[in-house]
Amino acid sequence: MSLPDIESLARTALPEMTDDLRTLVEHETPSDDKQLLSAGLAAIEDWAHRRLGPPDETVRHDGGEHGDVLELLHRGTSDTEVLLLAHYDTVWPAGTLAEWPFTVTDDGRVSAPGAFDMKCGLVQAVWALRLLRERNLPRPTVRLLLNGDEEIGSPFSRPHIERLSEHAAATLVCEPAAGPDGDLKTARKGVGLFEVAVAGVEAHAGLDPYGGASAVHALAELVTRIAELGSREHGTTVNVGVISGGTGRNVIAGHARCGIDVRIADPAEAVRIDTELAALTASDPRVRVTVSGDWNRPAMVPTPASQLLFKQAQSVAAGLGLTVRETGVGGASDGNFVSALGRPVLDGLGPVGGGAHARGEHVLLEHVPARTALLAGLLVAHGE
């Protein structure tokens, strides 16, 4: 049986896959709600068992305040192991589904919170393995890792991802594809999350206007300097996204703070940003500036190992009559951790669509069978 046959089977199964996507979406799983995350993961595990049968190994790691990590191992026709990464948490708060229900339009567009990022990728991963097993095609031993804290930086799941990727011949990330043509992701920016806290001297704005030292005014000076740390030349962006401070308009502010998002394409930029942030001072010597935070994810840069995976994907796609390209994106994923360790990883193997993290989030169902076959083909390549 050829890969086009697998695509044809996936196209026949598309109504079932769409129903599966509905099932996953209708279990809301916001990153900050442990109760909903636990219920959602239980539903996903039950669904995966129904589609694939009981796994050969199941390991569940208690995430504490974060979503648990679930490992499902399905042995293949080969001892070679491939790690599939898929997160089940979403950015959407509880109750979003009530005002934005799962909808399929006449032209085959699924609109729903979390459908694109990234529950459809999880559906495609399970069905790719299901179709290979049903037809007894060559396949590696597949370890599916599901984590519930990706959208907040994977603080709990990171060490599990790094540990499991060490012995994997490849790590395939089922995050959404890039752009309308379904580009695969071989580069992602690293992410730094920082906070600048400013402590000033409070005073009455009318009675003692020069006795105080405004933390708000000082922060206003600093924000411009912080934003200027960005570099188009090096692919570095710096965004001050949140500002707060002061207690009243007639009070010279004693405190203020801002939250900063930094994205870097060049790993060397991390040192420069760290140095510049640490050197921030206010023009008023009475004001104290404190910088906290750290790098949430290292940059994903193309490596020889990952380029080989991309070449394999190109070959598989050609067998399906498709052309796939590689690209780099500003968003980060769990693939960043694997790439930074020099291990083979390929990202963006999930659905084609758009609107991640926005009310326009959607999946284009017409591409789902081919994307499922593409992933299946990569598994076959590691199972022969």
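## Packing of α9 and α11

In this predicted model, helices α9 and α11 cross in a right-handed manner. Helix α9 spans residues 304-319 and helix α11 spans residues 368-381; their axes lie 9 Å apart and form an angle of about 120 degrees. The arrangement of α9 relative to α11 is therefore oblique.

On the α9 side, the contact involves Leu309, Gln312, Ala313, Val316 and Ala317, which meet Ala373, Leu374, Gly377 and Leu378 of α11. By class, this contact between α9 and α11 comprises 7 nonpolar and 2 polar residues, with no charged ones.

## Packing of α2 and α3

Helix α2 (residues 14-25) packs with helix α3 (residues 34-52) at an angle of about 160 degrees, and 10 Å separates the two axes. Because angles over 145 degrees count as roughly antiparallel, α2 and α3 are described as roughly antiparallel to each other. The crossing of these two helices, α2 and α3, is right-handed.

Helix α2 contributes Glu16, Asp20 and Leu24 to the contact, while α3 contributes Ile44, Trp47 and Arg51. The contact of α2 with α3 contains 3 nonpolar and 3 charged residues, and no polar ones.

## The largest pocket

The volume of the largest pocket is about 450 Å³. Its lining consists of 24 residues, of which Asp117, Glu151, Gly331, Ala332 and His357 are the closest to the centre of the pocket.

At least two lining residues come from each of the following elements: helix α5 (115-134) and the strands β8 (184-188), β9 (190-199), β13 (255-264) and β14 (288-297). Sorted by class, the lining of the largest pocket has 10 nonpolar, 5 polar and 9 charged residues.

How values were computed: Residues are numbered from 1 along each chain as its sequence is written. This is a predicted model: local features need pLDDT of at least 70, side-chain atom pairs count only at pLDDT 80 or more; totals for chains, interfaces and linings use all residues. Side-chain values use heavy atoms; hydrogens and water are left out. Axes are lines fitted to C-alpha atoms, for helices over the stretch in contact, and angles run from 0 to 180 degrees between N-to-C directions. Helices (H or I, at least four residues) and strands (E, at least two) are DSSP runs, numbered from the N terminus. Angles under 35 degrees count as roughly parallel, over 145 as roughly antiparallel, 65 to 115 as roughly perpendicular and the rest as oblique. A crossing is left-handed if the near helix is turned anticlockwise from the far one by less than a right angle, and right-handed if clockwise. Contact means heavy atoms within 4.5 Å. Ala, Val, Leu, Ile, Met, Phe, Trp, Tyr, Cys and Pro count as nonpolar, Asp, Glu, Lys and Arg as charged, and the others, Gly among them, as polar. On a 1 Å grid over the protein atoms alone, a cavity is a set of points where a 1.4 Å probe fits but cannot get out, and a pocket is an open set with protein on both sides within 12 Å along at least five of seven lines; lining residues have an atom within 4 Å of a point. Grid points are joined across faces, edges and corners, and a volume is the space filled by probe spheres set on the points.
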